[in-house]
Amino acid sequence: MTTSFLDLIDLAGERLGATVIAANDEFFAAKENLIKAGPAEWREGEYTERGKWMDGWETRRRRDGGEYDWCVIRLGVEGVVRGVVVDTSHFKGNYPASCAIDVCDRTGALAADDLRRADWHEILPRTPLDGDARNEFAVDRAPRATHLRLRIFPDGGVARLRAHGEAVADWPRLARRGDVDLAAAEHGGLVVSCSDMFFGSRHNLIMPGDATHMGDGWETKRRRGAGHDWTIVRLGAPGTVRRVEVDTRHFKGNAPGACSLEGSSDPKMQQWMAIMTRTPLQAHRRNIFEDELGEIGDVTHVRFNIYPDGGVGRLRLFGRPRQPYPIVLGS
């Protein structure tokens, strides 16, 4: 199964815990806007005391002869960046001419005084940008990173920055806690496919924290024919699933009637074994299953089936990771 970098989680997303820690300038629009979860908006005719209101990060026009402006983001989790989206939506006459992106791997907080001394590695060389557009760039051979630096040449505005990639979990440390969520996005889990996600993205299923509303979960359209909806999760580490949580909170009149789980250790996912047979679900509740689970050994992927359709806020698959633990490296 081929995965586009756009299908990977956003390591720089605020939902994953990323923060914008510094920028050399944010005269017209705040640096924190770069990692907002939603798309950039436009407010016709709205101005601040400094200029046009813009939903993004925007610096003043350079007059000092400097080469570029910069902004540093602490990633939500350590990971490997596979591609970036430099979104210049609504920036038409004030977008940067080009950009470059660097990363560094730094244990602990990166203080403002350390920014210039950090061991930055360029993963995207200086590249032209289009205005009012989603500029998508695949990244090859990036190292593991905890921080990302966006450089814009010479100045201007960027609405959103997305850094899609794979989380690198500290599995030896996590395993010492006992059972751990093998599917969590912050542990390297990935929802690789689904039958439908008309109302809510499949990626929401394994995001950190509880769903805050129906739109923060996975929800399919109303099924009018035979069959049922499903989604497939690649675990962050192979392991044995021992406890399952299916959180249908906020889904009151549109939760699935039942669910089941299957697991596979087949790289081509052509063979599936039942972890939990079809079991009723309650709406607007955190459904916990343990005694209902069968023992099928370690799996790498789980297929979560819902009957016949509906919405689920979060899916948690707790278990023990198999040793040796996986390590994701730049390649």
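Colleague: How many aromatic pairs does a search of the whole structure find?

Modeller: A pair of aromatic rings is described by the distance of the centres and the angle of the planes. Rings of Phe, Tyr and Trp (its six-membered ring) pair if their centres lie within 6.5 Å; planes under 30 degrees apart count as stacked, over 60 as edge-to-face and the rest as tilted. Searching the whole structure gives four aromatic pairs. In one of them, the ring centres of Phe 27 and Phe 28 are 5.0 Å apart and the planes stand at 85 degrees, so this pair is edge-to-face. This is a predicted model, in which local features need pLDDT of at least 70 and side-chain atom pairs count only at pLDDT 80 or more, while totals for chains, interfaces and linings use all residues. Residues are numbered from 1 along each chain as its sequence is written, and side-chain values use heavy atoms, with hydrogens and water left out.

Colleague: What are the relative accessible areas of Phe 27 and Phe 28?

Modeller: Buried means under 20% relative accessible area, exposed over 50%, and partly exposed in between (1.4 Å probe, protein chains only). Phe 27 has 24% and is partly exposed; Phe 28, with 27%, is also partly exposed. Across the protein, buried residues make up 54% of the 331 residues.

Colleague: Which share of the contacts joins residues 24 or more positions apart?

Modeller: Contact means heavy atoms within 4.5 Å. Of the contacts with a separation of 6 or more, 78% are between residues 24 or more positions apart.

Colleague: What does the C-alpha trace span along its principal axes?

Modeller: The span of the trace is about 65 × 45 × 30 Å.
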